[in-house]
Amino acid sequence: MQPTKMNTSFLYAVVLMILLSLGLALFLRSSAFTVQHIIIQGLKLSPESEILKLANGVQGQNLFLFDQEALKHKIGIHPLVQSVQFQRKLPKTLVIIVTERAPVALVVVPKGVLEVDAQGTFLRRLESWPKEDQPVLTGITLKDTVGPGQNLANPSLTAALNLLGQALPELLPEMGELHVDPKLQMTLYLRSGVEV
């Protein structure tokens, strides 16, 4: 008699678990968790409007079921974005946390100045001098077809960035210009005018 009672209790527990799982799944898929608000955090260089434009398709989707990888890829196309993470603020807010690439040098080209990060990624072309001064790299010839977000993959640029990466942090603000000649020999000019 006892085994039948145990089997019935087990059956009730299984049915209850299935019903609870089904109810939870339906609740999470309901319109109560539709993304209505997007908050962007971590921006210093990029305008918030550009990231919101890239994340536009997520509004109206379920906060738990939207395609995170697709949205990461879409936002990651922006040249200044290094990585993206998401947080949910229940019930209807998605927080997008952006880690930006940091410019470490300026490359002088015939049509202006390019900002590059430590890996040689072209961040943006500047019309005027930036507010935060970076070491200026000269003598580097780049193709005119490169665009923001591309890695410049230039031996002269790589050599210059390697040298900057090895410099003491307190020395970086003193560096004015780093000239790289075709033989990859480098001449460093400090802001004081001293040639190294």
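Which residue in β7 does Val107 stand opposite? The residue is Leu137. Keep in mind that you are looking at a predicted model.

In general, strands of a sheet pair through backbone hydrogen bonds, either parallel or antiparallel.

Six strands make up an open sheet with mixed pairing, in the order β6-β5-β4-β7-β8-β9. At its edges stand β6 (122–126) and β9 (186–190); each has a single partner strand, so one side of each is left without a neighbour in the sheet. From one strand to the next, the twist averages 25°.

Next, find the helix α4. This helix lies across β4, β5, β7, β8 and β9, and runs at about 145° to β8.

What lies among the side chains here? The largest nonpolar core has 20 residues, and Val107, Leu137 and Leu157 touch the most other members. The largest share, four residues, is supplied by α4.

Leu137 shows how these parts meet: beyond its neighbours within four places in sequence, Leu137 is in contact with residues including Val107, Leu157, Leu161 and Leu178. Finally, look for a second, separate core of 17 residues, among them Phe33, Ile40, Val81 and Ile96.

Key
Residues are numbered from 1 along each chain as its sequence is written. This is a predicted model: local features need pLDDT of at least 70, side-chain atom pairs count only at pLDDT 80 or more; totals for chains, interfaces and linings use all residues. Side-chain values use heavy atoms; hydrogens and water are left out. A nonpolar core is a set of buried Ala, Val, Leu, Ile, Met, Phe, Trp, Tyr and Cys residues joined through side-chain atoms within 4.5 Å. Buried means under 20% relative accessible area, exposed over 50%, partly exposed in between (1.4 Å probe, protein chains only). Helices (H or I, at least four residues) and strands (E, at least two) are DSSP runs, numbered from the N terminus. Contact means heavy atoms within 4.5 Å. Two strands pair if DSSP finds at least two bridges between them. Axes are lines fitted to C-alpha atoms, for helices over the stretch in contact, and angles run from 0 to 180 degrees between N-to-C directions.
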